[in-house]
Each structure stands twice: as C-alpha cells, then as structure tokens.
Amino acid sequence: MKLKNSTISLEVKLGNGELRQIMLKSKATDEEVIKGLSLMAASIDTRLADQLRECAGKLEYKGSQEKELVIYDVLSRECPEVIPTYFGQFKNPKRETYVFFQEYLDRSAMLLMDSENKPELWKRERVKCAMREIAKVNQLDSVLFDQNSIPNFKMWEAKSFYRHLLEVMKQEDDEVIKGKSIEALENFLDHSESEFESLKLPV
C-alpha cells in the first residue's frame, strides 16, 4: 500500500515497556502537491493552473516532502518542548516514501486544538505562552537547517504566478481581501527581492 499525505495512529510498546499512541504521517511528494493544487486552481481559473505548473519549481512547495522531515529533525534536537514527542523518520526517495513518527495528540486531553475559529479560548496568558514558544523557533540559528533541503524561498522568481493569483482574488466579492489588503500584497510582491536582500540571510 502506498500512503499519500495521510496519517495513521497506532499503539506501540517502547523500549522501556511503556505503551504509547504514535502518529505515523506520510508526506506527499512536491509533484503530487502541485498536481492537486493544479486541479483546484483549474476549477477557478485555467490560466492560474497553467501559471502554477510553469512556476512549480520556484514555489515554496518544491521539495516539501523533505522540508518537513528536516524541520522536525532539527526541532526535536534543539527545542523538543515546542513539538509533540518525535520518534524519528523514514524515507526512501526511490519509492517516494517520506514518513515521520511522533506522539499522537488526543483531542480530549488538549486545552486547545484546531482552535483558529474559537478566538474566545485564546486568553492573554495562552497567547503569551504561544508567542514565547514561537520565539524559540525563530531564534534558532539558520545554519541548523540544511540549505540543500530547505533553500531560501525566492518568491519573486514566481512573480507571474502570484501576480495572477492576486488578480483572481480581486474578482472575489469579499471586502476582506479588497482595497488596501490587495494593495499591501502587491507592494510586498513588488519589493520582495529587495526585502530579502536586506535581511542578509545565508545563501
């Protein structure tokens, strides 16, 4: 059986005899992600789907199956307290298999989970706690992340795709994404290269 971006939970016995619920997560390849996004884009605008395929090698999805494995590997070593317990990974590029294993989070035991639509649950102390943990990740030295696996994303190289995406968004009858919001995104896209260079990130 070939898993494609799916998740399975199972109970396993660890070396110390402890029984733990483990989540096995299989990542789809970047090509599969692009194919799926292309199908969705084509249902909205065929030219958008064409632009997506043309810029596929320059989008943030390039190598996505490798990126997540690298990120979890680094976080498990440098600040393991910010992620579920990590038990390792397995990959076989020839068979397009990219899997990692981590602690299964029981929804009934969680204070917050998939709570993006429940802002009332995010009290001040919880927000502060989340920001502290996010800061730990942001402060990690970028050299910890292999540039071959996670190269710097240069969105200006796929400007034609993002510009057309903004044009499609303008056609939506949604006040949230109209006016200044779109203008801000267009301005960011136009100046993304100079903004990147000003950060002086390692290449």
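Close-up 1: L121 counts as partly exposed, because its relative accessibility is 30% (buried is under 20%, exposed over 50%, partly exposed in between, with a 1.4 Å probe and protein chains only). This is a predicted model, where local features need pLDDT of at least 70, side-chain atom pairs count only at pLDDT 80 or more, and totals for chains, interfaces and linings use all residues. Residues are numbered from 1 along each chain as its sequence is written, and side-chain values use heavy atoms, leaving out hydrogens and water. You'll find L121 in the loop between strand 4 and helix 4 (124-138). Together with W122, V127, M131 and I134, L121 makes a nonpolar surface patch of about 440 Å² (patch residues have over 30% relative accessible area and no salt bridge, with nonpolar side chains joined within 5 Å and like charges within 9 Å; a salt bridge puts a Lys or Arg side-chain nitrogen within 4 Å of an Asp or Glu carboxyl oxygen).

**Close-up 2: where strand 2 meets strand 4.** Residues 19-26 (strand 2) and 97-103 (strand 4) pair antiparallel over five bridges. Here L24 stands opposite F101 in strand 4.

Terms used. Two strands pair if DSSP finds at least two bridges between them. Helices (H or I, at least four residues) and strands (E, at least two) are DSSP runs, numbered from the N terminus. Accessible areas come from the Shrake-Rupley method with a 1.4 Å probe; for residues, only the protein chains shown count as cover.
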